[in-house]
Amino acid sequence: MSLGVVMLVHTAFKRAEQVARHWANAGCPVVIHVDRNVPARLYKAFAEAVADVDHIRFSRRYRCEWGTWGIVAASQSAAEKMLAEYPDVQHVYLASGSCLPLRPVEELIDYLAARPRTDFIESATTMDVPWTVGGLDQERFTLHFPFSWRQHRFLFDKFVQLQRLVGIKRHIPNGLRPHMGSQWWCLTRQTLSAILQDPDRMIYDNFFRRVWIPDESYYQTLARLYSRELESRSLTLSKFDFQGKPHIFYDDHLQLLRRSDCFVARKIWPHADLLYHSFLTDRAGAMSRTEPNPGKIDRIFAKAVDRRTRGRPGLYMHSRFPNENWENGMTAGPYSVFQGFTELFEDFEPWLARATGTRVHGHLFAPEQAEFAEGEEVIQGGLSSSAEIRDANPWAFLTNLVWNTRGERQCFQFGPHDTQDGVTWNIAKDPNAQISVVSGAWAVPLFNSNLDFATIRRAAAKLQKIEADSLDAYRSPYAKAHIRIWTMAEFIEAPMEPLQSIIDEIGARNPRRLAEVPKMRDLTGFGQFLQNLKNQGMHPYLMGDFPVEGRQLGQRPRTPKPYLVR
């Protein structure tokens, strides 16, 4: 009878009964504390269910709420009963009703018998622990916490703010250096009795009664005063996520738990029948005798945290949604954006599709509807071409398109006529985006239109303002996309080289030489058109330097000078 078990139970009583019997049948006395919040009829039924088992006792009940003193009081009461009724107990193991022994209890008894003076309790100073989630580390010992964090969160936060404002700082009893660690410990009789029988216990209890989450600091601090040999680790496998919430183990974690080599694990799902059957009844499948090493599976938990917080590139999930820019990449793969090309070239989209072998869309953010390739109304992922649906969240529309067509590069047209909100800055910041801009090309459709010149002038001023804003985004230091910008005048003088560089980048694995070039629209008289805009008081500066005479492809060739942003 060298090992006694204290169990804190508040739910899943059938499983708690099963585990308590397992401990007791292995020769370990068990003292159970049942949360006072549990109705009397459930408590009575639970007590009657284990009444036939020797060495199972029940301690005085306290109300236990997360982060409050009641949990410490419950463990004190149960531990005192254990020490008083079982003088042969050498170690006391604190467990919960959701804890599950992973190895035969005899192995744990032998392990502790070989270390009769060793206390196993995680105990580290606030400066040494990385898991204090909630913004309170040292302050949890220096401020008062009379309100429940879960039940009265508003009062909790406001009282903390008030104490900070007034400058309240509690006195820490002499000789105490606060430590923190896992709630689940295994202490020797000598250390535990010293804590519970200390003449200054009332002072310590009064202090920790107003500490936040005292069950993670009370024993962890006081054990440092009395322990002769302390190992700062818990024998219970207990993993927490990035928000400080415990991981729950299910049936499909069976092999993972076996690999841990730990004696006990929590938190086990009450309906994990395979786990309870395998570890409580299947001796043949029990783990071999070896040193507990939860670090063996830390890599798997680290990957799980990374998947939850960062996810797969370009996949937006509800678990990360409230946190902006938590995604692992803004989009799932590379895509190309062309601004000004369909205005400058005839049949540019089919030409680009032939030249690159990619899917080339029209203006995905056109005001009327999304112009999917080949005139489709709905494409992969059930994405509709409806402008109303798309504009509810334009960026989500694009990320869904890229995600649903993974493995196939998407190309689409963009311009000042299109929806800008939620698109321009995001594609500028997206490292997966390849943006090619011929600035000022939006004027070509106006040049070829049959509108009144006053209408043309107003439209040109509006479109130029929109494109200037988009160029500011592309040239911003926050832009991460691969961006090339040419003025229209620069581009049309020698279009082959920039077109070839764009094609080469899209088909980097299978570069293609241009066998044909798209036909440029007739720009005869375009220079005079721009001059007329100037004469009407509108200054069209994004096109570059156009003479009054029209200029055709092939005249005055010179090397284009792209504005390149990487």
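This is a predicted model: local features need pLDDT of at least 70, side-chain atom pairs count only at pLDDT 80 or more; totals for chains, interfaces and linings use all residues.
Strand β17 (residues 433-439) is joined to β18 by six bridges, and the two strands run parallel. Within this pairing, Gln434 stands opposite His482 of β18. Strand β18 spans residues 482-487, and five of its six residues are buried, so the strand is largely enclosed by the rest of the structure. Strands of a sheet pair through backbone hydrogen bonds, in either the parallel or the antiparallel sense.

Of its 566 residues, 52% count as buried. Among contacts in the chain with a separation of 6 or more, 76% are accounted for by residues 24 or more positions apart.

Leaving aside residues up to four places away in sequence, Thr342 touches Phe348, Glu349, His363, Gln413 and Arg521. The C-alpha atom of Thr342 is separated by 8.8 Å from that of Ala441, a residue 99 positions away along the chain.

A second sheet can be followed through β5, β10 and β9. These three strands form an open sheet in the order β5-β10-β9, with mixed pairing. The edges are held by β5 (100-101) and β9 (236-237); each has a single partner strand, so one side of each is left without a neighbour in the sheet. Between β5 and strand β10 (residues 264-265) the pairing is antiparallel and comprises two bridges. Pro101 stands opposite Val264 of β10.

Helix α4 (residues 105-113) provides a view of helix packing. Its buried residues include Val105, Glu107, Leu108, Ile109, Tyr111 and Leu112. The buried residues of this helix pack against both strands and helices: β1 (3-9), α1 (13-25), β4 (91-96), β6 (118-120) and β7 (186-188).

A search of the whole structure finds two cavities of 30 Å³ or more. The second largest cavity has a volume of about 40 Å³. Its lining consists of Leu8, Ile71, Val72, Ser75, Leu94, Gln183, Trp185, Asp215 and Tyr219. Helix α3 (residues 70-85) supplies the largest share of the lining of this second largest cavity, namely three residues. By class, the lining has six nonpolar, two polar and one charged residues.

Finally, the cysteines may be considered. The structure holds zero disulfides. Cys186 counts as buried because its relative accessibility is 1%, under the cut-off of 20%. Cys262 likewise counts as buried, at a relative accessibility of 2%.

Methods
Residues are numbered from 1 along each chain as its sequence is written. Side-chain values use heavy atoms; hydrogens and water are left out. A disulfide is a pair of cysteine sulfur atoms within 2.5 Å. Buried means under 20% relative accessible area, exposed over 50%, partly exposed in between (1.4 Å probe, protein chains only). On a 1 Å grid over the protein atoms alone, a cavity is a set of points where a 1.4 Å probe fits but cannot get out, and a pocket is an open set with protein on both sides within 12 Å along at least five of seven lines; lining residues have an atom within 4 Å of a point. Grid points are joined across faces, edges and corners, and a volume is the space filled by probe spheres set on the points. Helices (H or I, at least four residues) and strands (E, at least two) are DSSP runs, numbered from the N terminus. Ala, Val, Leu, Ile, Met, Phe, Trp, Tyr, Cys and Pro count as nonpolar, Asp, Glu, Lys and Arg as charged, and the others, Gly among them, as polar. Two strands pair if DSSP finds at least two bridges between them. Contact means heavy atoms within 4.5 Å.
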